[in-house]
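Please keep the sequence and the structure in view while reading.

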Amino acid sequence: NLRDLAEQYQLLFESNPLPMWIYDREALTFLTVNNAAVDHYGYSRDEFLSMTLRDIHLPEAVPTLVEVVRRVRGTIRRPGAWTQKKKDGTLIEVEITTHDLTWGGRSSRLVLANDITARKQAEEALRQSEARYRAVVEDQTELICRYLPDGTHTFVNDAYCRYYGKEREELLHQSFLTRALPDERARLEKYLSSFTPENPVGTFEQYDVTPDGQVRWRMWTDRAIFDSQGRLVEFQATGRDITDRKQRERELEAIATVSAALRTASARADMLPIILDQLLELLHAEGAGLAMRDPLTGETVIERAIGKWSAWSGIRLPSGEGVSGQVIATGQPYISAHVETEPRMTHLDLLEGLRAVACIPLIAQGETIGALWIGRKDNITPDEVSLLTATADIAANAIRRTGLHEETRRRAEQ
């Protein structure tokens, strides 16, 4: 019957764990409140019934409150979150759900208030934590990124963007595997497939070639993230540029290789092919040559040339003529990325198909005794010039030492 139904509704209202009240839509006075409202807000039931909605809202919010009460109509409405005030002055954030009804013959509104203060505080704490984390990540000089198992970026920091010279939007949602060189991609895919929940961390050295032809190396430390079922979800990686270190290692390796090879040569004639063979292999050159200054005539003699330049062997040039003569005369290296336009080059037919050349002086005990040449189809990088210079220094001193030894032996034989 209607009385039983009314009692059930009253029970639902009073026993609801969330604060509820009914207020007069015209006067904004409280008409009734449930027990949860009394407990949560700290006002007694009589105090509530002597108050209006204005009393639990901040003064500056009252005009908006009045406008919303007037404008929002209907059965069930959710007019958003509001800041309200408890009896002790504590401010809380609440989400409001309303339903229009008639109460005691008056146009009224039922309100359910859900306190979301703790949730908002947790969200704000999380936002601040994320902001602090992002600040730490963005301030790092290391490259930091996250990516999916297929290499698709989900996050990159500012240092990562600067390193690759791209905007964040250009990198996100793109797989870095598509940028990898073919031989590097195969190594990368094998590396990424090696992670397991038992071994989630690995390191990888990777190289690429910049648009201007420079080789850059990076060392990555990757951590694989697995879900509770052991499925690979994502990677987080930190990288740093190790190009300088790799270059030093390469120079040391080259120096050691050339030095070891030269130790097996007892005469200058044995030494020259060793030097040029090592250069051809180390620098992936198409041609290499060694020009020496004739101490008697001052002429420049191409004592030996290999690869594409083998026909240069034996050519003699007047003192100071051509690029070799200039390098020997000045003791300064010559580097060109457009050798076909160099007017001082001789035998241009031997330069066909080559893009870049480097001619480095051979200096022993302060005296320039010759020059070391290489030629390539692609650019010669500054790091490779450093490697070539280190090799030239070793070669110059070895040639001078062998020359002195041979001269001493000749004099002894006389």
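## A cysteine and its sheet

With a relative accessibility of 3%, Cys145 counts as buried. The structure shown is a predicted model.

Cys145 has Ala237 of β11 as its bridge partner. Strands β7 (residues 143–147) and β11 (residues 232–241) pair in the antiparallel sense, over five bridges.

Helix α8 packs on the sheet and touches β7, β9, β10 and β11. Helix α9 also packs on the sheet, where it touches β9, β10 and β11.

| Helix | Residues | Strand compared | Angle between directions |
|---|---|---|---|
| α8 | 182–192 | β9 | about 170° |
| α9 | 243–263 | β10 | about 120° |

In what order do the strands of the open sheet lie? The order is β8-β7-β11-β10-β9, five strands with antiparallel pairing. The edge strands, β8 (153–156) and β9 (201–209), each pair on one side only. On average, neighbouring strands of this sheet are turned by 25° against each other, direction ignored.

## The cysteines

How many disulfides does the structure hold? The number is zero. The cut-off for a disulfide is a pair of cysteine sulfur atoms within 2.5 Å.

Is Cys359 buried or exposed? Cys359 is buried, because its relative accessible area is 0%, and buried means under 20%.

Notes
Residues numbered from 1 in each chain as written. Predicted model: local features only at pLDDT ≥ 70, side-chain atom pairs only at ≥ 80, totals over all residues. Heavy atoms only, no water. Pairing = 2+ DSSP bridges. Helix = DSSP H or I, 4+ residues; strand = E, 2+ residues; numbered from the N terminus. Axes fitted to C-alpha atoms, helices over the stretch in contact; angles between N-to-C directions. Contact = heavy atoms within 4.5 Å. Buried < 20%, exposed > 50% of the residue type's maximum accessible area, 1.4 Å probe, protein only.
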